[in-house]
Amino acid sequence: MPLEIGGGEVRPFIRYKASINSWEMSSADGGVVEFEWNAPAVFDVEHIQLGWLHLAEGAREWQPWPNNKQTPKPDEKEWKPGFVVQVYSKALFGSDPVREYSSSATGNVEFIKKLYNQAEAEFGKGVVPVVKITGAKAERIGKGNTRIPLFTIEKFAPRPAELAVEGAAPAQAQSAPPKAAAAPAEADEF
């Protein structure tokens with residue numbers, strides 16, 4: 001058996017690089033490839049995890065906050081408040097349809113805050129926002145410049161089985177079927 005030394009399990013991921021206005025995802029060979037948002041995706045912002053994120057050349061460390069309540073910084077490293085959100089799309093991500101999206105960068109954080117705030121009224125209903133990324137807007141925040149992804153929530157759809165949340169109860173039946181309930185064939189659009 002070959003010797004394997006490394007950082008353990010690496011989950012498929014996506015990231016947005018505001019400096020070059022580019023979305024990227026991990027590839028099967030361990031690399032990173034750029035992709036275009038040419039289909040909607042589900043962002044599970046209801047189950048966002050907040051925490052401390054430390055990024056350095058070739059290193060990523062994550063310390064989640066229990067119950068999303070900020071804790072003291074773990075040590076003297078340059079930790080920043082960040083997030084982790086699961087994103088689902090068969091159309092965009094193919095055989096790895098669930099991707100982890102995490103960041104502590106200002107543009108990414110602002111995007112997730114806006115998405116969370118728009119979707120919050122639907123939390124607890126067993127539905128997730130189906131999001132279309134429509135571009136990015138350059139903004140000056142504090143002393144720096146960034147780009148914030150622009151988006152629309154196309155609809156709310158039943159949570160895909162791939163985004164099942166451990167320990168969460170299944171969605172409760174409602175007295176009238178919601179308009180967002182999709183037929184199985186429609187679920188393939190994202």
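The following is a short exchange on how terms are applied to a predicted model.

User: What do the numbering and the cut-offs rest on in this model?
Analyst: Residues are numbered from 1 along each chain as its sequence is written, and side-chain values use heavy atoms, with hydrogens and water left out. The model is predicted, so local features need pLDDT of at least 70 and side-chain atom pairs count only at pLDDT 80 or more, while totals for chains, interfaces and linings use all residues.

User: What makes Arg 11 and Glu 100 a salt bridge?
Analyst: The term requires a side-chain nitrogen of Lys or Arg within 4 Å of a carboxyl oxygen of Asp or Glu. The closest N and O atoms of Arg 11 and Glu 100 are 3.1 Å apart, and the pair forms a salt bridge. Arg 11 lies in the segment before S1 and Glu 100 in strand S8, 89 residues apart, so the pair links distant parts of the chain; strands (E, at least two residues) and helices (H or I, at least four) are DSSP runs numbered from the N terminus.

User: Which other residue meets Glu 100 in a salt bridge?
Analyst: Arg 60 does, at 3.6 Å from N to O. Arg 60 is in strand S6 (residues 59–64), 40 residues from Glu 100. Salt bridges that share partners join Arg 11, Arg 60 and Glu 100 into one network.

User: Why are Arg 11 and Arg 60 called partly exposed?
Analyst: Arg 11 has 49% relative accessibility and therefore counts as partly exposed. Arg 60 counts as partly exposed because its value is 40%.

User: How do you know that Lys 113 and Glu 110 form a salt bridge?
Analyst: Their closest N and O atoms are 3.0 Å apart. Both residues lie in helix H2, 3 residues apart, about one turn of the helix. Lys 113 counts as partly exposed because its relative accessibility is 44%. A search of the whole structure finds 9 salt bridges.

User: What makes the buried residues of H2 line one face?
Analyst: The buried residues of H2 are Gly 107, Asn 108, Phe 111, Ile 112, Leu 115 and Ala 119. Seen down the axis, they fall within an arc of 130°, so they line one face of the helix. The arc is that of the directions from the helix axis to the C-beta atoms.

User: How does the span of H2 compare with the span expected?
Analyst: H2 has 14 residues and reaches 20 Å from its first C-alpha to its last, close to the 20 Å expected. The expected span is 1.5 Å times one less than the number of residues.

User: Which residues touch the most other members of the largest nonpolar core?
Analyst: In this core of 28 residues, they are Trp 37, Phe 43, Tyr 101, Phe 111 and Ile 112. H2 gives the largest share, 4 residues. A nonpolar core is a set of buried Ala, Val, Leu, Ile, Met, Phe, Trp, Tyr and Cys residues joined through side-chain atoms within 4.5 Å.

Definitions and conventions
Buried means under 20% relative accessible area, exposed over 50%, partly exposed in between (1.4 Å probe, protein chains only).
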